[in-house]
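Trainee: Can we go through this fold together? I'd like to start with how the pieces are defined.
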Amino acid sequence: MKRYYLCGPTVYNYPHIGNLRPTITFDLMIRAQRYLGEEVFYLHNITDIDDKIINKAKQENKTEKEISEFFENYYLDLFDKFNIEKPTKVIRVTDSLQDMYDYIQDLINSGSAYQVGGNVFFDIEKFKDHYGSISHQKLENLLQDEDGILGKKHPYDFTLWKDTTDGIKYNSPFGLGRPGWHTECSCFINKYFEGKQLDIHGGGIDLIFPHHENENIQHYALHNEDISSGWMHFGTLNYKSQKMSKSIGNIIYPHDFLAKYNSDTYKLLMLTTSYSKPINLTDELFEVNYAQVTKFKQINSKVILESINNDVNNETVKRIIQFVAELEFSKAYAEIIKLTKKSEDYNTFLRVMEILGFSFVKETISEEDKKIYASWKKEVANKNYEQADKLRNILKDKELI
């Protein structure tokens, strides 16, 4: 069985469409691998307590739970709206506090972590020869965002449990506080995969250092091996040549995207390039992919309306799905486009898109629209072109032809 883990969102705000890239790509890959017979356990986390959530709660005069529940529900609802298969297990931090207490205690017992007052720190110095193996960074480059905490042995030791007076606190064996961000993922992986190494660990490219580095060293401290044998770090989605940012004001939220385009437009965009490369989004790029999806929808409509029943070429299906399973997206995309050129390949094309989770394949055509299509064909055959054009325009407005 394949063991996969994808770092999930901190639920304090709406995600933007760039944040969906790892989730959509994992969905494409796992659908393909499962079709080919692979068994996959896919674990995904929700960070539902964090400084950002606490600050948002203060701003809106709400509790942390109110904030996290609202944005968690929004995020999980996107799985339905973008036709994404749910992970095998989705786990929240606040549902896993005892697991984190036990995990942190194991690190203390192994001599890899130490407590100072109500804080618990990981002792990086003990693993300095291995630390940096994921990111190829050096200790002195570690982001020291916790310099205000006194008592650390070394300035780059990171927090496993944080003593705090700000926001919600939990009564742990180490004192009142809340867990460190770097610890939650490694804790979940340790529990749900019983300390075994992952096959793939995914997350945004910005998480490589220090987050994934710190995850890895905790696992290494307990099991003497890296947390994953393979990593997927996803390139950014920039909009009009700039990284999506609130300060710039160029963020596109999923609900705004879906109001103008559709989930298949986004999913198709993910298939056009390597997952690790940045994508420079433009309105023109959205329109091109939307137009391509519209052509796909018209193929589906034609198959239904004209009862095209050519056999599915299962060898071709398997070859294309294999490309997706192995993350060779550009090869898969090129093969998919080839299948749209000839009507004898339409059913094979639709089978591929069904396996990959494209929504347009599920679309049906009403009896009324079928009658309009039949009437249009009849008027064309009778050379009644004026009436045929009127019916054709109706069908075009419905994107059926």
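Mentor: Helices (H or I, at least four residues) and strands (E, at least two) are DSSP runs, numbered from the N terminus. Contact means heavy atoms within 4.5 Å. Axes are lines fitted to C-alpha atoms, for helices over the stretch in contact, and angles run from 0 to 180 degrees between N-to-C directions. This is a predicted model, where local features need pLDDT of at least 70 and side-chain atom pairs count only at pLDDT 80 or more, while totals for chains, interfaces and linings use all residues. Residues are numbered from 1 along each chain as its sequence is written, and side-chain values use heavy atoms, with hydrogens and water left out.

Trainee: OK. Which strands does helix α5 lie across?
Mentor: Helix α5, residues 181-192, lies across β1, β2 (40-46), β3 and β9. The helix runs at about 145° to β2.

Trainee: And what does α6 touch?
Mentor: Helix α6 (residues 208-223) packs on the sheet and touches β9 and β10. Its direction makes about 155° with that of β9.

Trainee: What's the strand order in the open sheet?
Mentor: The order is β3-β2-β1-β9-β10, five strands with parallel pairing. Two strands pair if DSSP finds at least two bridges between them.

Trainee: Which strands stand at the edges?
Mentor: β3 (89-92) and β10 (231-234). Each has a single partner strand, so one side of each is left without a neighbour in the sheet. From one strand to the next, the twist averages 20°.

Trainee: How many bridges between β1 and β9?
Mentor: Three, in the parallel sense, between residues 2-6 of β1 and 200-204 of β9. Leu6 stands opposite Gly202 in β9.

Trainee: Switching to Asn45. Buried or exposed?
Mentor: Buried, with a relative accessible area of 1%; the cut-offs are under 20% for buried, over 50% for exposed, and partly exposed in between (1.4 Å probe, protein chains only). Asn45 sits in strand β2.

Trainee: Which side chain does it have a polar contact with?
Mentor: That of Tyr5, at 3.2 Å. A polar contact is a pair of N or O atoms within 3.5 Å; within protein, one must be able to donate a hydrogen and the other to accept it, and residues adjacent in sequence count only if both atoms are side-chain atoms. A polar atom of the Asn45 side chain also lies 2.5 Å from the backbone nitrogen of Gly8.

Trainee: Last one: how do β4 and β5 pair?
Mentor: In the antiparallel sense, over four bridges. Their hairpin has two residues between the strands, and Gly117 takes a positive phi near 60° there.
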